[in-house]
Amino acid sequence: MFSPTDTRMMQTALELAREGRFSTSPNPRVGCVIAQGSRIVGQGFHLRAGEPHAEVHALRRAAAAARGATAYVTLEPCSHYGRTPPCAEALIAAGVARVVAAITDPNPLVAGKGLAMLEAAGIETACGLLAAQARELNRGFLSRIERGRPFVRLKCAASLDGRTALSDGRSQWITSAAARENVQRLRAESCAVITGIGTVAADNPQLNVRAFPTLRQPVRVVLDSRLRISEQSRLVQDGGSPTWIATLQTDSEKARRLAAYPHIRLLRPSEKQGKIDLADLLRLLAAEGCGEVMVEAGAVLSAAFAADNLADEIVLYQAPKILGQTARPLFALPEPAGALDDALWQTHSVEILAPDIKWILRHSSWPPPVS
């Protein structure tokens, strides 16, 4: 069905789509290649919401050479009017002869309608080329649309014996500068970074991207059920990044003062056993367009996401240090039943960031079946 040339072109389109990984949300990461046979005549990628889509950039570069060409797109071309016109219409107007999509768009506004529009105009279509790679690239967008919640990554840093801080709470720095810089890239890829009020009180973090310029800072989400956050904290005083405070107490003078800051929003998720319902919080974040979120928190909150099966990925930066048995653990969890049974987590990749190791694990339920 697909030729070696088709595969090469789609690989190029996927590489282009990755260029938008720090900026496109809530839109998907999409790349497009326009080719006459084995010759690329136009290419482009989507940079951020509200700006031209990948197909438009590629068609502009191809100009008249798009007529009779094949368009390779990592996601089904859109068929509806949003902040930009439909890409399917642009491909029809340009006179392309064939469109190859990696995956269909699960957005109900599209969901096969883009390919159907192209076929109705007499354009040959095909779908499914390098689909697994395309889904991986857009795991956050697809999770938000298909599951109604973001793709959740737990970021952890630990010693060789699985400890995150000394018994007195000191933890800076377990890992190396190379590992910390790598975390900055994970933040930049994320729509939101979630932490708990305990981490905010102990570390006064910034939770933003500082290592390199980025078009979009992640939303900083603080779980603070009793609204204990200090108004002098960096997350309150730093207006350079949005801060959303998830709390069960929104009707107070402090809540009104905090809500007066232009970069702060108060979220009111459901309550579960006196605490914030994490599943409901994730539903709220998905409704706000957050597709990929990272949890940077202490042992209690990280364990809560894991215990509720709300984490899809763990990124563990492990340093070649031994902190000892009185140091603080990676996850504050009781010994689970069946702890020695088949593992819920599988190794996805391992990378050396000298002197540390970056270990990525995926939950056994990921990826979910395609509906």
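Which residues does Trp-173 touch, not counting those up to four places away in sequence? In this predicted model, the residues touched by Trp-173 are Arg-180 and Lys-321. Trp-173 lies in the loop that runs between strand 7 (163-165) and helix 7 (177-189).

**Annotated positions**

The UniProt record, an unreviewed entry, assigns the feature "binding site" to Trp-173 and Ser-302, and also to Ala-157, Thr-199, Ser-225, Gly-298, Ala-299, Val-300, Leu-301, Ala-303 and Ala-304. These positions span 148 residues in sequence, and their farthest two C-alpha atoms are 28.7 Å apart, so they do not all gather at one spot.

| Residue | Relative accessibility | Class |
|---|---|---|
| Trp-173 | 51% | exposed |
| Ser-302 | 2% | buried |

Ser-302 belongs to helix 12 (residues 299-307). When neighbours within four places in sequence are left aside, Ser-302 is in contact with Leu-154, Val-295, Ala-297 and Phe-331.

**Nonpolar cores**

The largest nonpolar core contains 41 residues, of which Met-10, Ile-34 and Val-99 touch the most other members. Helix 1 (residues 4-18) makes the greatest contribution to this core, giving six residues. A second, separate core has 31 residues, among them Trp-244, Phe-305, Leu-310 and Leu-361.

Apart from neighbours within four places in sequence, Val-99 is in contact with Ala-71, Val-73, Pro-77, Leu-91, Leu-118, Ile-123, Glu-124, Thr-125 and Ala-126.

Technical notes. Residues are numbered from 1 along each chain as its sequence is written. This is a predicted model: local features need pLDDT of at least 70, side-chain atom pairs count only at pLDDT 80 or more; totals for chains, interfaces and linings use all residues. Side-chain values use heavy atoms; hydrogens and water are left out. A nonpolar core is a set of buried Ala, Val, Leu, Ile, Met, Phe, Trp, Tyr and Cys residues joined through side-chain atoms within 4.5 Å. Buried means under 20% relative accessible area, exposed over 50%, partly exposed in between (1.4 Å probe, protein chains only). Helices (H or I, at least four residues) and strands (E, at least two) are DSSP runs, numbered from the N terminus. Contact means heavy atoms within 4.5 Å. UniProt positions are given in the numbering used here, feature names are shortened, and annotations may be inferred rather than shown by experiment.
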